[in-house]
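Open the model in your viewer and keep the selection panel at hand. The stops below are meant to be taken in order.

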Amino acid sequence: MGSVFRSAEMSLCQIFLQSEAAYTCVSELGELGLVQFKDLNPDVNAFQRKFVNEILRCDEMERKLRYIDKELKKDDMKIPDTGENPKAPAPKEMVDLEATFEKIESELREVNTNAEALRRNYLELSELKEVLKKTQNFFAEHGEGHHTIVDDAQNALVHDEMATTSATAVQLGFVAGVIPREKVPAFERLLWFACRGNVFLRIDEIAKPLEDPVTGDAIFKCVFIIFFQGEQLKLRVRKICEGFRATLYPCPESSQERSEMLNGVSTRLEDLNTVLHQTEDHRHRVLANCLKEIRNWIIKVKKIKAIYHTLNMCNFDVSHNSLIAECWTPVSALENVQQALSHGTELSGSTVPSILHRMHTKETPPTFFHTNKFTKVFQSIVHSYGIASYQEVNPALYTIITFPFLFAVMFGDLGHGFIMFLFGLWMVVMEKKLMSSKSDNEIWNMFFGGRYIIMLMGLFSVYTGFIYNDAFSKSLNMFGSSWHPNYSEPLLDSVETLVLDPEYEFDNVTGPYPFGLDPIWQASKNKITFTNSFKMKLSVILGIGQMLLGVMLSLVNHIYFRNPLNIFTEFIPEIVFLLCLFGYLVGLIFFKWATFTVHCSTCAPSLLIHFINMFLFSYTMPNDNFNYQCDHTNPKLTGCKATTVFYRYQNYAQIALVLGAVLCIPIMLCIKPFVLRARHNRKIRRADNLQAVSQSALIHHEEYPEEVKQILIF
């Protein structure tokens with residue numbers, strides 16, 4: 001319980017480790033998780049430390065594991081989380097791990113390279129097949145009778161005046177290939193302008209999308225065939241195709257040759273498809289074997305790297321062939337640390353035991369809190385704002401209640417709070433089963449990590465929902481309303497809005513509603529105005545109460561650390577400042593609730609206006625016959641209203657409170673720095689005096705030898 005209320009007592013220890021046992025001892029201390037090592041080589045470069053080569057080897061293994069993990073994700077193979085936590089392997093096992101990772105990486109890279117080459121070849125053959133099919137269709141569509149596609153190209157390319165004489169003598173060449181679909185419009189325009197319309201182009205889109213051999217994404221391409229006349233146009237067309245990265249394929253002129261070539265390409269595609277499937281099966285088998293062990297491999301490599309990082313923080317004693325380490329550890333865990341060192345020495349086979357020695361230091365130890373699955377989330381909330389100094393009061397103990405309760409004050413719904421409570425309770429009851437499922441959903445893991453706080457927030461919301469009498473924005477009439485209107489039905493039909501007079505419609509015999517707000521407020525038009533005012537005042541009271549708790553905890557810290565200066569220059573001015581302003585506001589809230597009744601409701605003060613006027617020193621005084629008693633106050637005679645002074649000597653009391661709060665500001669800001677400066681100067685003067693005395697004594701000792709001093713004393 002002490003470590004929950006206050007951070008655990010820490011001790012600085014020095015550990016002497018034999019070189020052959022250092023690795024296993026640090027590994028056992030890491031598994032224990034109760035030791036924080038100090039870097040004894042802060043000025044040494046990271047690349048000049050003793051175990052830098054081992055860390056570089058670990059970095060290389062991590063790179064290979066990341067590559068394997070990327071390949072697994074590429075095949076949508078999820079790494080199973082078995083919950084195992086293997087220990088760090090022995091240093092000699094690093095060689096085996098490196099060899100295993102090197103073999104797997106080289107095998108995967110070889111398989112991927114071969115598969116990429118096969119897919120690239122498959123893509124080229126698929127494009128060639130489409131080119132042959134499309135060109136065959138082009139020629140077949142225009143091959144009926146004596147009219148062919150060549151005739152169409154000749155008619156399109158030969159001028160009208162020469163058509164009757166030389167149309168049959170024109171010899172046309174053509175090229176065929178594929179081009180990405182998005183480049184087709186620009187390709188057509190450039191061909192037209194560059195060749196001045198002296199080419200004949202036909203384009204047809206490939207219906208089935210092709211697969212990129214590198215990324216595996218779908219790519220859409222079109223088959224084109226271009227007819228031209230002459231070598232000059234042929235070179236120009238080829239350059240344009242190269243510029244657009246269009247792929248040209250050989251296409252025979254005769255239909256028979258095209259058919260034979262198409263059959264050969266189809267056969268090669270079938271064989272290539274078989275080889276591709278076999279390659280993918282082999283790759284899948286390699287990855288399936290890695291899937292079983294990769295999680296343990298990652299943990300082992302991380303632990304090995306962490307151990308060597310820790311060993312680099314130690315000093316190496318060459319004369320004794322040992323490592324010297326300094327670490328912080330809780331005093332309560334010293335026995336466990338000693339047992340871990342003994343176990344590590346036994347595992348290493350060393351005959352020389354490791355030595356744990358407690359050291360006395362004036363350094364400020366680190367803060368350490370023992371947490372469990374219940375307090376962990378509350379401690380995390382506190383740490384998100386700041387970590388308490390060593391041996392200070394732990395705010396997480398109070399946050400267990402204040403955080404969910406203040407949420408409930410804001411939430412305040414019985415129905416929704418009960419649903420939240422059931423959801424949190426379900427996660428708490430089923431936590432072992434849910435924890436074993438090891439979900440990768442970040443939002444779910446966040447909810448599951450805060451299951452206890454969700455349950456408490458729901459439970460407190462049920463309580464505040466009863467206080468507000470609010471369940472799914474509806475009121476519950478469990479005990480019967482204390483208001484009994486006695487208006488007649490004709491009056492209710494004729495008047496839209498009526499005011500209930502507490503003097504006549506309220507049941508003074510049974511008293512107010514037993515628990516929470518009266519359900520009659522659900523039917524009132526000023527429900528929101530009333531509930532908002534009530535909730536605001538309640539929030540102010542609870543908020544200032546929490547601030548007061550924090551200031552009182554600072555007093556506990558000052559007393560524990562025996563620091564009277566902080567008590568007089570921090571705590572007392574803070575508590576006076578808080579009570580003079582906000583404590584006074586809370587007092588006004590309770591005073592208004594207890595004093596003002598229906599008889600003087602028009603004189604009820606507006607606390608916000610009064611609090612603002614308190615700093616402006618602006619006061620509205622009532623008439624001379626105002627007796628400050630609600631039962632005997634007549635608003636018409638006294639002239640009181642919401643901004644009128646409502647108790648005797650209010651203006652003098654508020655002026656005194658404001659002045660007291662203002663006087664606390666220079667005390668908090670100015671006194672402590674001057675006191676600390678005076679202490680610092682006094683220490684410097686004392687150090688200077690001691691140094692001067694030492695130098696004087698040294699000079700005196702040099703000037704007067706021992707024999708002379710004895711003579712002078714005689």
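Predicted model: local features only at pLDDT ≥ 70, side-chain atom pairs only at ≥ 80, totals over all residues.

**Stop 1: the annotated spans**

Two of them can be looked at one by one. Residues 538-559 are 100% helix and 0% strand, with 32 Å between the end C-alpha atoms.

**Stop 2: helix 19 and helix 20**

Now select residues 527-560, which form helix 19, and residues 564-595, which form helix 20. How do the two axes run relative to each other? They come within 10 Å and cross at roughly 160°. An angle over 145 degrees counts as roughly antiparallel, and helix 19 and helix 20 are therefore roughly antiparallel to each other. Their crossing is left-handed. Colour the contact of helix 19 with helix 20 by residue class: 20 of its residues are nonpolar, three are polar and four are charged.

**Stop 3: the largest pocket**

The largest pocket has a volume of about 1800 Å³. To centre the view, select W483, P502, W521, N526 and F530, which lie nearest the pocket centre among the 34 lining residues. Which elements give two or more residues to this lining? They are helix 19 and helix 20, and helix 19 has the largest share, with five residues. By class, the lining of the largest pocket splits into 21 nonpolar, eight polar and five charged residues.

**Stop 4: the second largest pocket**

Move to Y122, S126, K208, L210 and E211. Of the 16 residues that line the second largest pocket, these lie nearest its centre. The volume of this second largest pocket is about 480 Å³. Next, select helix 4 (93-141), strand 5 (210-211) and helix 9 (255-311); each supplies at least two residues of the lining. Helix 4 gives the most, with seven residues. The lining of the second largest pocket holds six nonpolar, three polar and seven charged residues.

**Stop 5: helix 7 and helix 8**

Select residues 184-194 for helix 7 and residues 231-243 for helix 8. The axes of this pair come within 11 Å and cross at roughly 155°. Helix 7 and helix 8 are therefore roughly antiparallel to each other. Which hand does the crossing have? Helix 7 passes helix 8 in a right-handed crossing.

**Stop 6: the cavities**

Rolling a probe the size of a water molecule over the atoms shows where empty space is left. How many cavities of 30 Å³ or more does the structure hold? There are three. The largest cavity has a volume of about 50 Å³. Find this cavity by selecting V4, T375, Q379, N394 and A396, the closest to its centre of the twelve residues that line it. Helix 1 (2-5), helix 11 (376-385) and helix 12 (396-411) are the elements that give two or more residues to the lining. Helix 12 gives the most, with three residues. Six residues of the lining of the largest cavity are nonpolar, six are polar and none are charged.

Methods: Residues numbered from 1 in each chain as written. Heavy atoms only, no water. Helix = DSSP H or I, 4+ residues; strand = E, 2+ residues; numbered from the N terminus. Axes fitted to C-alpha atoms, helices over the stretch in contact; angles between N-to-C directions. Parallel < 35°, antiparallel > 145°, perpendicular 65-115°, else oblique. Left-handed = near helix turned anticlockwise from the far one by under 90°. Nonpolar A, V, L, I, M, F, W, Y, C, P; charged D, E, K, R; others polar. 1 Å grid on protein atoms, 1.4 Å probe; cavity = no way out; pocket = protein on both sides within 12 Å on 5 of 7 lines; lining within 4 Å. Points joined across faces, edges and corners; volume = space filled by probe spheres on them.
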